[in-house]
Amino acid sequence: SEVSLVVGFKSRILGIAFPDTCIVCGKPVTSKEYACPKCIAKIPYITPQFKCKTCLGFLHDAENGMCGACLLNAPNYSRLISCVKYQGEVQKTIRAYKFYNRPDYHLGYSKLACEVLEKSSVCFDAVLPIPLYKKTYDKRGYNQSALIAEKISEYFGVLYFDDLLIMPIKLFKEYPEVLEYYQEKYKYILVDIFLKNPLIFQ
């Protein structure tokens with residue numbers, strides 16, 4: 001789609017402006033690496049062993065693969081996948097990426113996320129980034145979740161958030177009866193969190 005082309009172009013521009021860096025020490029790495037050889041052993045990976053297959057909580061009984069909390073009260077998601085423990089040098093670079101104007105770290109963390117998702121054999125149709133409040137976005141200048149989400153979407157060839165906005169708009173323009181149906185069904189829509197995308201207001 002047109003948005004996918006824009007996402008690809010944006011990723012290439014970011015790749016030129018912000019070269020790949022090690023997610024541990026911040027030094028340059030190749031386009032296929034997310035950590036330099038010296039730092040790869042320092043990454044606190046999360047291993048699924050003795051972890052609940054749903055929430056990654058500690059598993060007391062490995063027989064069913066789920067913790068007691070998830071068995072008693074199933075969460076609103078089917079599976080939680082996490083790449084690393086939030087500790088040590090990785091914690092520092094995540095904070096730098098999120099709060100201290102280091103968007104270059106999205107390249108390394110995107111590659112790590114894609115590797116973990118691929119190994120997990122999880123299937124998904126679209127990638128939705130966590131939105132930011134307008135004030136936060138304006139202050140930070142970028143949505144750290146969106147930068148990684150775009151890379152994951154590009155790597156796996158699945159829909160990104162913008163594609164999910166374009167498709168209904170195209171559907172409504174080509175089929176007025178569908179638009180009329182939803183206009184009657186939903187008189188008002190509450191926008192709780194600002195997303196920097198003009199398509200939302202269409």
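K187 is exposed, because its relative accessibility is 56% and the cut-off for exposed is over 50%. This is a predicted model. E184 is exposed too, because its relative accessibility of 53% also falls over 50%. K187 and E184 form a salt bridge. Their closest N and O atoms are 3.4 Å apart.

Why can such side chains pair? Side chains of opposite charge can do so when their charged atoms come close.

The structure holds 6 salt bridges. The pair of K187 and E184 is one of these salt bridges. Two further pairs involve helix α4, which covers residues 105–120.

Take K119 and E115. Both lie in helix α4. They sit 4 residues apart, about one turn of the helix. A salt bridge joins K119 to E115, with 3.6 Å between the closest N and O atoms. E115 has a relative accessible area of 29%. That makes E115 partly exposed, because the value lies between the 20% and 50% cut-offs.

Now turn to K111, also in helix α4. Which residue does the side chain of K111 meet in a salt bridge? The partner is D20, at 2.5 Å from N to O. This pair links distant parts of the chain. D20 lies in the loop between α1 (2–17) and α2 (68–72).

Methods
Residues are numbered from 1 along each chain as its sequence is written. This is a predicted model: local features need pLDDT of at least 70, side-chain atom pairs count only at pLDDT 80 or more; totals for chains, interfaces and linings use all residues. Side-chain values use heavy atoms; hydrogens and water are left out. A salt bridge is a side-chain nitrogen of Lys or Arg within 4 Å of a carboxyl oxygen of Asp or Glu. Helices (H or I, at least four residues) and strands (E, at least two) are DSSP runs, numbered from the N terminus. Buried means under 20% relative accessible area, exposed over 50%, partly exposed in between (1.4 Å probe, protein chains only).
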